[in-house]
Amino acid sequence: MLTETRKCWETKGGALALAIGVLFLGGGCKKPEISVYTIPKEQPSAANASMAAGGPAGGMPHLHYTTPEGWREQAPSRMRAASFLIPGEGSQQAELAVVPLPGVSGVERDSVNLWRKDQGLPEYSEEEFKSAGAVVPVSDREGRLFDIESAEAKLEGNLKSRTLGVVALRDGTPWFFKLSGESGLVKANEAKFLEFLKKVEFHSGSHGAPGAAASRPPAASAGGPPSVWVVPDGWKATTPGQMVLASFQSAGADGAAVETTVSMLSGDGGGVLANVNRWRGQLQLPPAQPGELESMLRRVDIHGHTAVFADMEGVNPKTGKPARMVAAIVPEGGGTWFYKMSGAAADVEREQANLLRFVESAHPKH
Amino acid sequence: MSPILNKLLKFFTSLRLTVVCLAFALGLVFIGTLAQVKMGLYIVQENYFQSFFVRWQPQNSDWSIPIYPGGYLLGTILLVNLIAAHIQRFELKRKKIGIFTIHAGLILLLVGQLFTELYQVESFMRIPEGESRNYSESHRESELAVVDVTDEKSDRVVAIPAGLLRTGGEITHEALPFKLVVKRFNGNSLPELSEAPEGSGRFRKLLYKEQPRAVKMNDRDIPVAEVEVVAKDGAKLGEFTLSNWLSELHLAGLVREKLGSFLPPDFDKAPVVSHQGRQYELNLRSARYYKPHKIKMLDFQHDKYIGTDIPKNFSSRVQIIREDTREDREVLIYMNNPLRYGGETYYQGSFERGDVVSILQVVRNPSWLTPYLACALVGIGLLTQFLQHLAGFVRKRAA
């Protein structure tokens, strides 16, 4: 028969065991919680706004500049080449953001119209835009300054807002300098802004800054390639990057590789001209005009759809060596498929036939 | 003792319960392994092992029913069973020491795992050479950060875990001067362009298409949220679409590369809400863990075997800088030689092409010692049992 001491042990022990069990159960029910903390402001990097991965291969273009007095340089964020905060009275502040758009062309009017729309003003027509703005020096070239004040008060305290925007073209890349904030504060800093523009130095590519696309963090999932295809012999599947459905490598001469990627965008994916010019930008070629586009393309019937092939030769900005790109644009299944092969000219020439076979074998899953 | 307590104790101390739980655990591992093929490791971990029940949800429905005990439930019952049986059969005898030591090791292992589950935090620090970081980021968790950027020297952050956005509804907090109304949240998304241009130009709107959750090991979910900011007096301060696609530099770079021809130059600008004289920036980003120190990447080395592309060694020479303790020293982190600092361990995790960006894996696990102690206890217990049996055998033979 159990002694009283032993019974007491068992009771306490049982209670302890159950308490630990409740702890386990409670631990499994952890809920996310909101946290609040204060951190020091991020400092701009010594590399003067070098940008991380993204943009065409070879790194993003960037600026060397002198920060005007009273302006607070911000840590590089998003896709800005430079970013400043300009404090004003009370809690008012203005912001200067500098954004290059390599590989993009013909967006100057659209961008200025967007600035005007933000201030509640009507858009410029093509004719109006040609004569709008004032010419201002930007580094050793010129840009166009647009002074856009809101028609009505838009800010707290019944104040108007203002944008001083400058668009400058440099080596085929449009640069956008947008100083915006409370109208009086922006106007008061106009002279400093113009002085800043005179002294900037443009640099394309990056020196000493991080290189091409990240191998980490992990890629976004697109739910698996929504297509079936026959992969040609000699093509090895590699891990696709973000927004790419599939990618392959095949061996080229001298250890170089030929890369082929597959991606898909809904609708027309932006149109043939814009995409061809994006690729031309990646090979450091000037953008094609609408009139000359047709002569650059070859049309092939694939599964009853008209696929467009573009063949371009330029320079790989990463290596500085000649490179060739053959890309196919295939409208199918409610979207537009892009098959892009790039590498050394001779290697791409050899693999072209494989690319065509690959594109012909592709069938979107339904 | 009351009959009910008696019955409970009898149930929880029974060996039959142990066998049944172990059988269920085997089954759970088996079905979890099969499910992983389609659902991926992380979703299976969440639904099968980090839950009390495995649930079945009919297609196109909101309800689900439990169909199998999950890892938490089995672990809890096993632990209670082990402790209860241990105490019930406890006899302070020398020949039982081995058994009790083994059981103590197993209990420590289970409890240690619970603490690891509750308190372990894994994150990464991506640091280009020459730059420093005072925070690490989560691989898989996101947060909506409302950052008061008004002050010159510091920012005040209210970080709302994405888990709270999933259910929609309103989010309020004493540190927020307004409320956030979550109109839409998708755990995984892919950006795309609107069909038609906005206005007369060619710029299009950036939309986000919902995607199934990532299942591959190297994939991750990239969420999107549509949020309305409403002041306490009911005034609407704006409606914004937020996504990691815009807040994380390399993702924004990809969007720019693929779709930039059709997006305005500042498409990725973080929205700022002005309210009561202060500016609040909204960001949906990877969850951040700030440190009291910063780590500066002095030099990243990627050594290969001579004449080959086979990696030999990765190492990061870093500088630890901490103002409150006036600490400033250099450390070399390389494979199998992590830095243990501030309760965290910094491993050489990965790097980016170009060999100028190092990625450190940061692990905080307060109970990192428990598996070692548990294994030591089990080993000592087994050795004790073995030696006791051996001694007894030798004595009998001698006699």
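**Checking the labels**

User: Why is Cys21(B) called buried?

Analyst: Buried means under 20% relative accessible area, exposed means over 50%, and partly exposed is in between (1.4 Å probe, protein chains only). Cys21(B) has a relative accessible area of 3%, so it is buried. Before we go on: this is a predicted model, where local features need pLDDT of at least 70, side-chain atom pairs count only at pLDDT 80 or more, and totals for chains, interfaces and linings use all residues. Residues are numbered from 1 along each chain as its sequence is written, chains are lettered from A and ligands numbered from 1 in the order in which they are written, and side-chain values use heavy atoms, with hydrogens and water left out.

User: And what makes Cys375(B) exposed?

Analyst: Its relative accessible area is 53%, so Cys375(B) counts as exposed.

User: How many disulfides does the structure hold?

Analyst: Over all chains, 0. To count, a pair of cysteine sulfur atoms has to lie within 2.5 Å.

User: Why is helix α7 of chain B described as largely enclosed?

Analyst: Helices here are DSSP runs of H or I with at least four residues, strands are E runs of at least two, and both are numbered from the N terminus. In α7 (residues 249-259) of chain B, 9 of the 11 residues are buried, so the rest of the structure largely encloses this helix. Among them are His250(B), Arg256(B) and Lys258(B).

User: How do you know that β15 and β16 of chain B pair?

Analyst: Pairing takes at least two bridges found by DSSP between two strands. β15 (residues 311-322) and β16 (residues 327-334) of chain B have 8 bridges, in the antiparallel sense. Gln319(B), for one, stands opposite Glu330(B) in β16(B). The two strands form a hairpin with 4 residues between them.

User: Which other residue has a positive phi although it is not a glycine?

Analyst: Asn336(B) does, at about 65 degrees. You'll find Asn336(B) in the loop between β16 and β17 (339-341) of chain B. With 82% relative accessibility, Asn336(B) is therefore exposed too.
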